[in-house]
Amino acid sequence: NQFIPLVEEHGRACDLTLYVFDRAVADASRWRALGLDLAVAVNVSATLLLDNAFVGLLRERLLAVSLPADRITIEVTESAAMKEPDRAIAALESWRALGLNISIDDYGTGQSSLGYLQKLPATELKIDMSFIRTLAADPRNAIMVRSTIPLAHELGMKVVAEGVEDGECLGLLAEMACDTAQGWHIGKPMSAADLEDFVAGRMRSAA
């Protein structure tokens, strides 16, 4: 919350995002070579959402790598998408045309209308952690999450729950047919090398 606004203020959001994109694609390509078919997601600053030059730079990078575009997700916050919704929809459609997946991050905090939600060319909806962390304790949040999941599914989107920090929450999300959970209960932030060991260990346990 302190670092990213400084990056944006000084006009370095594009440089940072492309650096992270390159690292993520390189890691995913290495995992693929190891037999771990893991997708990656990269957050994109709101300042880049409507930047045509940035889309061009992404296109150049995709042409230069072997990783399929559908293994890459670009995450954009709901509030960014709703700032200028018509232009944002056009921009996101140009990203989808590259084969990239689009995730609407922090859903529930940006006050998007249902009309615009069904127009967004998104493949994934990420429910904000402010609703997920109190899922078991707050019936109103539970109602919101329980109704959002089938709505997103009907619109052809997968659903990710952010901020899952205990087994009770994870169990409730499973009952609600949420597709993916994200949070410290599943795994804390870790290096690419540690992630390889983590996933390999889970695969051995499953086998």
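1. Helix 8 buries N141, A142, M144, V145, T148, I149 and A152. Together these residues cover an arc of only 160° around the axis, which puts them on the same side of helix 8. In an α-helix there are 3.6 residues a turn, so residues three or four places apart point the same way. The model is a predicted one.

2. On the other side of helix 8, the exposed residues are P139, R140, I143 and E154.

3. As for the ends, a side-chain oxygen of D138 comes to within 3.0 Å of the backbone nitrogen of R140 at the start of helix 8. After helix 8 comes G156, with a positive phi near 85°.

4. The open sheet has 6 strands in the order 1-2-3-4-5-6, with parallel pairing. Strand 1 (40–43) and strand 6 (180–182) are at the edges with a single partner strand each, so one side of each has no neighbour in the sheet. On average, neighbouring strands of this sheet are turned by 25° against each other, direction ignored.

5. Strand 3 and strand 4 run parallel and are joined by 3 bridges. Y107 stands opposite I127 of strand 4. Helix 2 (residues 13–33) packs on the sheet, where it touches strand 1 and strand 2 (72–77). The direction of helix 2 makes about 175° with that of strand 1.

How values were computed. Residues are numbered from 1 along each chain as its sequence is written. This is a predicted model: local features need pLDDT of at least 70, side-chain atom pairs count only at pLDDT 80 or more; totals for chains, interfaces and linings use all residues. Side-chain values use heavy atoms; hydrogens and water are left out. Buried means under 20% relative accessible area, exposed over 50%, partly exposed in between (1.4 Å probe, protein chains only). Helices (H or I, at least four residues) and strands (E, at least two) are DSSP runs, numbered from the N terminus. The arc is that of the directions from the helix axis to the C-beta atoms. A polar contact is a pair of N or O atoms within 3.5 Å; within protein, one must be able to donate a hydrogen and the other to accept it, and residues adjacent in sequence count only if both atoms are side-chain atoms. Two strands pair if DSSP finds at least two bridges between them. Axes are lines fitted to C-alpha atoms, for helices over the stretch in contact, and angles run from 0 to 180 degrees between N-to-C directions. Contact means heavy atoms within 4.5 Å.
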